[in-house]
Structure formats: structure tokens, C-alpha cells
Amino acid sequence: MTSPHSLRADAPSTPCMDAAVTVRTEQAGLDALARALEDPNGLGGAFGRAVAILLGIQGRVVVTGIGKSGHVARKIQATLASTGTPSLYVHPAEASHGDLGMVLPSDAILAFSNSGETTELGDITTHALRTGQPLLAVTSKATSTLASTATLALTLPAMPEACPMGLAPTTSTLMQLAFGDALAVALLRQRGFTASDFGAFHPGGRLGARLRTVRDVMHTGSAMPLTAPDTPMRDVIMEMTHKALGCVGIVGQNGELAGLITDGDLRRALDHDLTTTLATNIMNPRPLTIDPDALASEALRVMNARRRPVTALFVLDPAGRPIGVVHLHDLIRAGVG
């Protein structure tokens with residue numbers, strides 16, 4: 001692989017060559033980071049201790065850093081918060097002018113600095129030492145001031161920057177970002193954080209729609225079209241028309257869903273005498289159903305799984321009793337379709 005330092009800033013090159021060298025240099029940094037994290041006697045062991053420390057605190061993870069490391073720190077803080085680890089970002093300069101009041105004794109501090117000599121971090125690290133808060137330092141210099149004063153130093157491999165002058169933070173910030181993501185995912189797994197929990201923190205936008213459950217969008221109570229097996233078809237049609245969901249659930253004596261009649265079933269039954277035909281005579285005794293805690297996207301998949309897609313699903317409790325109905329239009333309105 002071509003080293004970025006072998007390319008002078010004025011060396012002839014093409015954009016494609018520059019792009020390839022940049023990506024390969026940063027990829028080498030990620031490969032080195034992965035190998036380091038697999039070493040239980042090195043960074044991997046320190047990583048495990050960091051996870052244990054952050055799981056053990058009663059407060060939040062206070063993430064900090066300045067410059068490019070600060071931008072990475074902000075992203076990592078957002079990832080931690082959205083995956084079940086309470087956290088906040090504190091700017092080091094603002095910490096020196098009153099924002100240290102945001103940092104509680106029950107918190108832990110996670111500081112990012114590639115060099116470990118960032119003077120702006122001085123006040124927040126001193127505060128951690130004074131209060132006895134855990135201070136976790138993410139740096140590439142094991143002998144730096146930040147690493148030597150931290151409760152736990154998480155030393156990333158020292159790898160060349162992708163910048164041809166070796167000056168602009170590129171490889172180092174990508175490694176910091178990957179390390180922070182690894183930490184957030186490890187904490188997520190240890191906390192047993194689920195897709196449902198994730199959805200609670202992401203109610204908006206396309207992602208929020210994908211994470212909504214059937215329970216969030218189903219029709220319940222008197223909005224459900226329900227009738228008994230011995231109901232004349234004339235009354236079934238009235239119930240279907242009134243509830244306007246294109247189906248009627250047939251409920252047995254114990255409240256269980258015994259069958260389903262759709263508007264398609266009605267069309268196929270037009271050759272019957274609807275004044276004498278009962279619901280049980282034309283119902284489908286094995287309708288598709290779904291659990292209330294299934295994702296709304298799963299309901300859409302079930303609807304489309306058959307050769308002839310369906311437009312509505314009854315939602316059942318563990319005893320097989322209907323507790324709701326979800327319609328294709330509900331999923332579309334929710335942004336799932």
C-alpha cells in the first residue's frame with residue numbers, strides 16, 4: 001500500500017489516485033484498531049474494563065473533546081443516548097466557563113484527544129480528579145498527559161493520517177469514531193437494548209415508522225368489525241360497511257377469533273341467498289393474524305406474503321382473542337408502506 005507520506009503535497013496525482021490512497025490508508029487504520037481490540041492483554045482488555053465502568057455508574061456518560069475530536073465526541077454522545085446509555089456532550093471551553101455544573105458526581109467522563117495534550121481539556125479532567133469521577137481517555141499517545149491522568153487510558157493504534165502532509169486529522173478521527181461506535185454497541189448489548197427500545201427513542205421520520213409496532217397503529221375496541229358465527233350475511237355486510245375496514249372477524253363463544261370474512265369473500269358468495277346464509281358458511285377459518293408487539297413493517301410483510309395479498313390483519317392476544325385490527329392504509333399513513 002502506498003504511504004500517504006510518500007506523496008508530497010505538490011506531487012503529481014489524480015483525484016482517483018488521491019481517493020484510493022485516502023480510503024486505503026483509513027482502512028488500514030480500522031484494520032489495526034480491530035486487531036488491537038482483539039488483544040485481551042492490550043486495548044481489548046481496556047475496552048472491557050471501560051464497558052464495566054460505564055455500566056456501573058449511576059449517572060451519565062459525559063463525552064468531551066475539541067476540534068475534530070470534538071465533532072467525533074458529539075456524534076458518539078448522540079449514538080450512546082439513542083442506544084440506551086444516558087449521556088451528554090460538554091464542550092471543554094464552555095466547561096471552563098460554567099458548564100462543569102452540568103457534570104454530576106455520579107457521571108463518568110469520556111474524553112477524546114488524539115494527542116492527549118489538548119490544553120482545553122485541562123479543567124474538565126482536573127474536575128474529574130477532584131471529584132473522583134471515572135475519567136476514560138481515548139487517545140493514541142499512551143504517555144500523554146491525558147492518558148497518564150485518566151482512570152483508564154484507551155490507547156488507539158498510532159497510524160498515518162490520510163492527509164499527504166500527515167497533518168489533517170483523518171485516519172485518527174475515523175478510528176475514534178469506530179471505537180466510540182464499538183463502545184456504544186457493546187453497552188447496548190450488555191443492557192439488553194431491543195428494537196422496541198430503539199423505536200421509543202426514534203419516533204420521528206422513516207426510521208421511526210419502521211420501528212413502530214402493530215399496537216401503535218391498530219384499531220381497537222368498538223372500531224373492530226366483529227360478529228358471531230350465526231350472524232346472517234345481511235348483518236355481516238352492515239357491520240363491514242359501518243366499520244369500513246374491508247373485513248369482519250367472526251368470534252366464537254369463548255371470544256376467540258374463529259374466522260374472517262373479507263369483501264372478497266362477499267363477492268365470491270353472491271350466488272348464495274344472503275338472507276339465509278350465515279357468517280360461518282363463508283368465513284375463512286384460518287385467517288392470517290399478527291401479534292400486537294410485532295413491528296409494523298412485519299405486518300406489511302405478512303400482508304404481502306401471499307399470492308393474493310391481504311389488506312387487513314386481526315391482532316390477537318395469547319388466548320387467540322382479537323384485540324385489534326391493522327389495515328394496509330394504517331401502515332401507509334404511518335410511513336411504513
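A residue is called buried when its relative accessible area is under 20%, exposed when it is over 50%, and partly exposed in between, with a 1.4 Å probe and protein chains only. By that rule Ser87, at 14% relative accessibility, counts as buried. The structure is a predicted model, in which local features need pLDDT of at least 70 and side-chain atom pairs count only at pLDDT 80 or more, while totals for chains, interfaces and linings use all residues. Residues are numbered from 1 along each chain as its sequence is written, and side-chain values use heavy atoms, with hydrogens and water left out.

Ser87 belongs to strand β2, residues 87–89. Helices (H or I, at least four residues) and strands (E, at least two) are DSSP runs numbered from the N terminus. Contact denotes heavy atoms within 4.5 Å. Leaving aside residues up to four places away in sequence, Ser87 touches Arg60, Val61, Gln77, Leu80 and Ala81. Its side chain also reaches the backbone oxygen of Gln77 at 3.0 Å.

The expected span of a helix is 1.5 Å times one less than its number of residues. After α3 comes Gly84, whose phi is positive, near 95°.

Helix α1 (residues 15–37) can be examined in the same way. With 23 residues, α1 reaches 33 Å from its first C-alpha to its last, close to the 33 Å expected. Its buried residues are Val21, Thr25, Glu26, Ala28, Gly29, Ala32, Leu33 and Ala36. These buried residues pack against α2 (43–56) and α7 (171–191).

Most residues other than glycine have a negative phi. Ala244 has a positive phi of about 55° although it is not a glycine. Ala244 sits in the loop between α11 (233–243) and β7 (247–251), and is exposed, with a relative accessible area of 60%. Met218 lies in the loop between α10 (214–217) and β6 (226–227), yet Met218 is buried, at a relative accessible area of 14%. Not counting residues up to four places away in sequence, Met218 touches Val315, Ile323, Gly324, Val325 and Val326. The C-alpha atoms of Met218 and Arg60, 158 residues apart along the chain, are separated by 36 Å.

The cysteines come next. A disulfide is a pair of cysteine sulfur atoms within 2.5 Å, and a search of the whole structure finds 0 of them. The sulfur of Cys163 is 19 Å from the closest cysteine sulfur, in Cys16, and is therefore too far for a bond. Cys163 is buried, with a relative accessible area of 8%, and Cys247 is also buried, at 3%.

Finally, there is the largest pocket. On a 1 Å grid over the protein atoms alone, a pocket is an open set of points where a 1.4 Å probe fits, with protein on both sides within 12 Å along at least five of seven lines; lining residues have an atom within 4 Å of a point. Grid points are joined across faces, edges and corners, and a volume is the space filled by probe spheres set on the points. The largest pocket holds about 460 Å³ of space. Of its 20 lining residues, the closest to the centre are Thr262, Arg268, Arg308, Pro309 and Val310. At least two lining residues come from each of β8 (257–262), α12 (263–268) and β10 (312–316). The most come from α12, with 5 residues.

Definitions and conventions. Polar contact = N/O pair within 3.5 Å; in protein donor to acceptor, adjacent residues only side chain to side chain.
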